[in-house]
Amino acid sequence: MIQIENLTFEYGAGGFRLRIPEFALGYRDRVAIVGPSGSGKTTLLNLIAGLLTADTGRIAVAGTEVSALSDAARRRFRAAQIGFVFQDFALLDYLSARQNILYPYRITPALTLDDAARDRTETLAAACGIADKLERHPSALSQGEQQRVAICRALVTQPKLILSDEATGNLDPESKARILDLLFAQASEVGAAVLAVTHDHELLPRFERVLDFAQFREGTAT
Ligand code: ADP
Ligand code: MG
């Protein structure tokens, strides 16, 4: 699902530099990313999703080299293939929770907003415990509720790759486990791979592999 070779990326000359010699994520793999704050975890997810472009090396997602696509093609590719739960949620406050969840359909002509998508919105919201909050706007939701809206939005299109950036960060332990159950259940249903940044070490045994970003610190990469 993901193949990375000799990746380097730098935020401007002298800025933070990420170097990943090799990383592969298989179809249906479930891999957790851990590592200190500021070690480049979010940067890597943004590179994989094509929101940032690598300086050198190769990132292929589902066999497509993301950096070789035009901006428009990359946007379409992301919308069709990737569900991204952003660390800061990235919800739009002028839209209701329901409209936020269905937002990918608004901006992506290739996705058709049909009854099935509307039904999935209800099902996902119920599974996340926000079924009665769908008409509210993000500013009228708690952090944990906003986070669950962001999770529903990432899953509603049934993507083949789920990128999750601290998706359980603002939740109580019981909700954390429930959200991870939901992510994994969705992934199983559509055969998706999951790459999830998490600080919740109690959740790590549920992943097949853990990628520790401590190893990518400049000068120490192997
Ligand atoms: P993590 O998600 O592991 O906490 P990030 O990938 O967000 O780390 O950030 C890695 C490093 O890159 C940090 O030192 C951060 O300050 C820096 N950084 C992040 N975004 C930018 C940006 N847009 N411009 C310049 N530096 C950035
Ligand atoms: Mg981060």
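**Briefing: cores and a helix pair**

Val149 is in contact (heavy atoms within 4.5 Å) with Leu91, Ala97, Asn100, Ile101, Ile130 and Leu141, leaving aside its neighbours within four places in sequence. The model is predicted, so local features need pLDDT of at least 70, side-chain atom pairs count only at pLDDT 80 or more, and totals for chains, interfaces and linings use all residues. Residues are numbered from 1 along each chain as its sequence is written, and side-chain values use heavy atoms, with hydrogens and water left out.

**Nonpolar cores**
- A nonpolar core is a set of buried Ala, Val, Leu, Ile, Met, Phe, Trp, Tyr and Cys residues joined through side-chain atoms within 4.5 Å.
- Buried means under 20% relative accessible area (1.4 Å probe, protein chains only).
- The largest core has 41 residues; Val149, Ile151, Leu155, Ile162 and Leu183 touch the most other members.
- Helix H7 (173–190) is among its suppliers, and H7 gives the most, seven residues.
- Another core, of 31 residues, lies apart; Ile4, Phe23, Leu25 and Val66 are among its members.

**Helices H5 and H6**
- Helices are DSSP runs (H or I, at least four residues), and strands are too (E, at least two), numbered from the N terminus.
- H5 (residues 115–128) passes H6 (residues 143–155) in a right-handed crossing (near helix turned clockwise from the far one by less than a right angle).
- Leu124, Ala125 and Cys128 of H5 meet Arg148, Cys152 and Leu155 of H6 in this contact.

**Whole chain**
- The protein chain has seven helices and nine strands.
- Of its 222 residues, 52% count as buried.

Technical notes:
Chains lettered and ligands numbered in written order. Axes fitted to C-alpha atoms, helices over the stretch in contact; angles between N-to-C directions. Buried < 20%, exposed > 50% of the residue type's maximum accessible area, 1.4 Å probe, protein only.
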